[in-house]
Structures are given as C-alpha cells and as structure tokens.
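Trainee: Could you walk me through this structure, a step at a time?
Mentor: Gladly; let us open it together.

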Protein chains: 2
Amino acid sequence: MEATVAITEAKQKKGKPDPETLQFGKTFTDHMFTMEYEEGKGWIKPEIIPYAPVEIDPAAMVLHYSQSVFEGLKAYRSPDGEAVLFRPDENFKRLNRSNRRLSIPPVNEELLMEYLLQLLELEKDWIPDAEGTSLYIRPFIIATEPSLQVAPAKAYKLFIILSPVGSYYPEGIHPVSIMVEDHFTRAARGGTGTAKTGGNYSAGYNAQAKASGEGHAQVLWLDGVEKKYVEEVGSMNVFFKINGEVVTPELNDSILQGVTRKSVIELLQYWKVPVSERRISMEEVLTAYENGELEEAFGSGTAAVISPIGELTWKGTPMIINGRKTGEITKSLYQTLTGIQTGQEKDPFGWTRTIS
Amino acid sequence: MEATVAITEAKQKKGKPDPETLQFGKTFTDHMFTMEYEEGKGWIKPEIIPYAPVEIDPAAMVLHYSQSVFEGLKAYRSPDGEAVLFRPDENFKRLNRSNRRLSIPPVNEELLMEYLLQLLELEKDWIPDAEGTSLYIRPFIIATEPSLQVAPAKAYKLFIILSPVGSYYPEGIHPVSIMVEDHFTRAARGGTGTAKTGGNYSAGYNAQAKASGEGHAQVLWLDGVEKKYVEEVGSMNVFFKINGEVVTPELNDSILQGVTRKSVIELLQYWKVPVSERRISMEEVLTAYENGELEEAFGSGTAAVISPIGELTWKGTPMIINGRKTGEITKSLYQTLTGIQTGQEKDPFGWTRTIS
C-alpha cells in the first residue's frame, strides 16, 4: 500500500446540515477516500476525491454474491474543538477479521489509519458540535471484478465515507421494547455472524418488520442451533444485570465482537462491578425476571452507544425491566462512555485518539 | 409496471467470442435490461440499453447491507436455430420468493418475462450453437437508496444481463470429488438459505478454499443446527441413489428450491424410478456406502445441469461411488434434461419456451 494519498478537492462545497434535523446516514460530506485492489499489485491508488456516485460494472461480484465488509465508528467534537476518535484501531483490526471470513485481501491497518486521518483533516468542519451529534465514519470494501463465477473476486474497492449524524436520543436516553425472535436467524454457527458483512444485516429485515408491527423497537436474536441462547439485540450486543452481576453472551462465531461491548466490559471491570461473558439462555433470563433478579438490560453499539431495554417479550410474555426506567449501571455506562468519546470526561484507558 | 420498453441500441457491437474458449460469466452481450423501483411509483422506466458500467452512490444500501437477489437461467440454441428457454416461469416465481425474504418489492412476473423476451429478441445472435454452450441469463435486483440505515431500501434497480457461456464439460461429463464441510455453515434454519441472495454465496468461499486445497471440487453442506443432515453441494442441490431409490433432502428454509432439482424429481417420477424428498443424514449415506447400497450420487443446478459425484469425503474417510464412474440414472438424467433444454429431445412436460 502506498503512503501518499492523491487529493482532488471538490470544486463546490455543500452547505452543512442543521444538527437539529440530522438523520442517521443520509447526509454525506464533500469528500471520500477510495483505494483499489488488483491481483498481483495489492492495494493501490489511495486517493481522496469529491463524494459522488461511482461507476460499477453490472457484473461486479458484490452485486451478485455480496462479497463485502464494512466498519462503523464516530468522530466527536471535543469541548476545545478538537476531533476525537474512539478506539479506531479496534475497528481496523475487526475489518481485517471480517476480510478473512469473506476471503477479501487484508489491508495495512496503520496506513489505513493514516488515510482516515488525512480525510478527517480535510473534512473536520463537518464534525457537528451539538449535544449528542457526531461524524459517522463508514469504511467499506466491495468486490468489483466483473464476473458471475461463485468465487472470491480478484479486484476490490475500499471506500471511507463520512456522514454527520444527529443525536440518537434527541429527547434523552430512554428504554425501548424488544421482542425475542423465535423463527428467523441472524447468523448460524459456522456462518458469517462474527464478520461485519452485509448479508447479516439484510437477513434481519423480515424479523425487524415483524417486531415493529407488534410495537417493538428491535429484535433479540437467539442462537441458530437451539434457539435457546441469547446472541444480540438488533445490530447491538446485549447485557443483562442479574442479581448484581452483569452478564453478556460470550463471543462465538455468530456474535459480532463489538468495540462498545469490549469497552463496557473493561469499564465494568475498572469499576469492580462483577461482569461475566458466558452463554445465557432466555430461560435463565425469564427465571431471573420471575425471581425479581433481572435488574437491568441494555444493548451496546456504535450508533446508540448504550440503549436501555425497558421491556423484553418472549413467547408472548412481556418482562418489564426496572419499571421501564434506565437502570443505574446502564446510565453510568452511557454517561461515562459518551463522556470519554466526546472528550468531556477523562480517558484513563487511552481509548481516544485526538486529531488537532 | 409499464409494458413498453424503451430501447437504446449500442452504437458499436462487440465481436462474438470463440465458443471453444468461453468461460462462465466473464463475457457479456451488447445490451442489458434495466428497471427502477421508487417508493410510491413502483417499478418504472423499463429500458434496454447498451451494456456498460452504471453509476451508483457509494452509500447505496446494497453495498453495505447486501439487500439483493438474483436468478440464473439459460437460453439454448435448438437444432433448427430457435432460442429455447427452460422453465423461465419457475425462475421468476423464485425471484419473488427471494424478494419476500429480503424485503424487496415484488415484480410482475408476466411483464418481466415480456421484457426478457424483448431483450433476447435483440440479442439472439449471442446464443452460441456449439455443443454444450448457451446464453446464461442473470436477472438481479439491488437496493440503490443512498442510506446507511439498517432497514429495507426505498429504491431498487433490476437488471437482466446476458453472458454466453461455454460447455460445463468440455471433455465430456465426469464425476467430481466432494468434501463434506463440518465447520462452516451455508445457511441456518430461519436464515436466508432458501432465497437466491448474495450473502449465501460469499459465506461459502472459505469452505470452498479449504476443499479445493485438499483436492476436492466442491463442498457438501450440512444443516446448520446439528451438522448431521445433508443440505446442498456447492451451489447445487444433491441426490443419492440408495438401493434403487433416489433420495434428495426435503425442502426447508435453508435449501434452495432448484428448478433443475424439481425437474429431476418430475423426470424420475415420469420414468417410475422411486424418488423421495426427505431428511437424509451423512450417517445414513455412510451406512448405505458400507452396505454397498450407495449406487449413485449427483448434484443438480443450472450451470452444470447434472454433476456426478465420484467421491465423497466425510471426516477424512473417502467413499468411492460407482467406481468413480457416472451412474446410469445420472447419465440418463443429464442426457434427457440437456436434450430437452436444447430442443434436441421431445419435451413431454411443456417445460421449454421457444422464441422464434
């Protein structure tokens, strides 16, 4: 991979959006980073160019066999105006883990970080500063070789696009209602669930529509083998506080290794709150609920950071968690994590990377 | 959907490829069919245009969440020069089943057939006539809305592209070696396995690489729950002839409803060969092998039509089937199906559609 990035500046700059009405992932900045992979040459042509539609062959393999991976992270504006990234190295490590699962050639993580920093340098005015807003960063790789053969492509394109996003909780953090999905499966043992690849996401639309139709915000996914063990919530990892201990499903090849998940565990350990990663069944969650020991529940992910769960419905039976109010641990995690991410709180872990 | 297709002819026509050196899915014809979907308007703008790269927004949802479906069928050149399609209605029915699973709006199957016929009318000279060659037809739909929200898109594009393909067996039909995959999973119960969607295909590349590395042509997939029951072979359905009876795994939500699979079953019933669709475990296959009752095995699919299996390796133990020779039933199925498809044999089932 070449270290020198060719930069072509956009002739016309777009107006910055109103932070009050920003949606997630609908507005994009003036520029994007792109890089290509050619067999025998590796990753070549790193460049920053104006954000615009690109040409793609109708036979490009990504459009047929979904050979693609992506990442998601955020840049926040700190109180003194600097751009702050949260554990970006974890995202680039995971990108390469996803690449391996999808037979996509690996990228040089350090160089990719340099490219991202150059892009952010150019686009820093796009990082919004209103409470709860941020600049969402979406690196992704697609198979571009024009071929209908069912096999890994010989050509790829990597993009980094940037999208200013509004607050996930414009009216303050609030618990949501979740439905346990008994029929549809997000990811199987031996499947692609631990990779951030498109197929895992569109596979969940049917279940999400069913849950929405019954008034729930999201779906809780069970394991694909026995439909017994908790895996994820929507596109977040999930935690339960049971009788003083915080429990999250242990990593397996169908659970995404969330960066926020990892940070929650490390933060709880730092606070000396008992936390364990282990298999947890819905039966165990229900029993804890019936015994009055299900104290809190929440999802974790880049978009919401922490999303408290107020109600969890399994086989038609709703469990009301903490009187539908955000629990103490949930609230502390949200405040500390967003505090560190936005540079408003001290970062004792060295998680943040500040770009002056 | 509008019935009138706007046609823009290519200014320059490409030369036709040499049928002897044709690969699968690498060469495309002069024109393609495209149509768009807009929320509130439905499927609009059906048109035939020159085959060329198209513009796509880097945030197009297909590139991030793999919301896409596809189909595959072939047009053959009959001995009297006509174009022959094999059960195209089955492909369009399946396209809409895939659409439902992937939350993509349905298409009007009859109109889509009309569009395909118009495209084939324009491109009929591209149907090769050498033994075993055909024109592969690839309809596909992709989510084009530029948005990073994890939700069904509000805009789509449908394409039909055409690719002249060489003989699958340039040196005559021959049995292949298959490895049973114990770790990786193609599709889970409740997953997307019964839909023709990209994510099912790239998910299998790792396993295919492992099998190729050990000298096998393809992978045999087991069920994602118990890793016990036979599901598919590579991207084909699979059949075993055991003690005079032909057995294929019964359809479930992780097995693709192959058009060739259906035709094989109907042809065997017509011939009064015992055939059954039921769950079949690898244990049962191995026991039949040890008892000398595993008489034939083959895969079925649009690309190869019928692919005899000469060797099947499970947990390191190879089973040699019919002395690595193509079995009688396998051979009859191949000859009759390809005979009907190419218009060289009588079609007592009304499966073919001839375009004069």
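Mentor: Two strands count as paired if DSSP finds at least two bridges between them, and helices (H or I, at least four residues) and strands (E, at least two) are DSSP runs numbered from the N terminus. This is a predicted model, where local features need pLDDT of at least 70, side-chain atom pairs count only at pLDDT 80 or more, and totals for chains, interfaces and linings use all residues. Residues are numbered from 1 along each chain as its sequence is written, chains are lettered from A and ligands numbered from 1 in the order in which they are written, and side-chain values use heavy atoms, with hydrogens and water left out.

Trainee: In which sense do strand S4 of chain A and S4(B) run?
Mentor: Strand S4 of chain A covers residues 54-56, and three bridges join it to S4(B). In this pairing, Val54(A) stands opposite Ile56(B). The two strands run antiparallel.

Trainee: How much area is buried between chain B and chain A?
Mentor: Contact means heavy atoms within 4.5 Å, and by that rule chain B and chain A each bring 61 residues. Buried area is the accessible area (1.4 Å probe) that two parts lose on being put together, summed over both. Carbon and sulfur atoms give 56% of a total of about 5,200 Å².

Trainee: Which residue of chain B forms a salt bridge with Glu145(A)?
Mentor: A salt bridge is a side-chain nitrogen of Lys or Arg within 4 Å of a carboxyl oxygen of Asp or Glu. Between chain B and chain A the count is two. In one of them, the closest N and O atoms are 2.9 Å apart, and the partner of Glu145(A) is Lys26(B).

Trainee: How do the residues on the side of chain B that touches chain A divide?
Mentor: Elements giving two or more residues to that side include helix H2 (88-101), strand S8 (134-143) and strand S9 (155-165) of chain B. For the classes, Ala, Val, Leu, Ile, Met, Phe, Trp, Tyr, Cys and Pro count as nonpolar, Asp, Glu, Lys and Arg as charged, and the others, Gly among them, as polar. The division is 31 nonpolar, 19 polar and 11 charged.

Trainee: Which residue in the turn between S13(B) and S14(B) has a positive phi?
Mentor: Strands S13 (residues 237-242) and S14 (residues 245-248) of chain B pair in the antiparallel sense over three bridges, with Phe240(B) opposite Val247(B). They form a hairpin with two residues between them, and the turn residue with a phi of about 50° is Asn243(B).

Trainee: What is the bridge partner of Val247(B) in S15(B)?
Mentor: S14(B) also pairs with strand S15 (residues 275-277) of chain B, this time in the parallel sense over three bridges. In S15(B), the partner of Val247(B) is Ser276(B).
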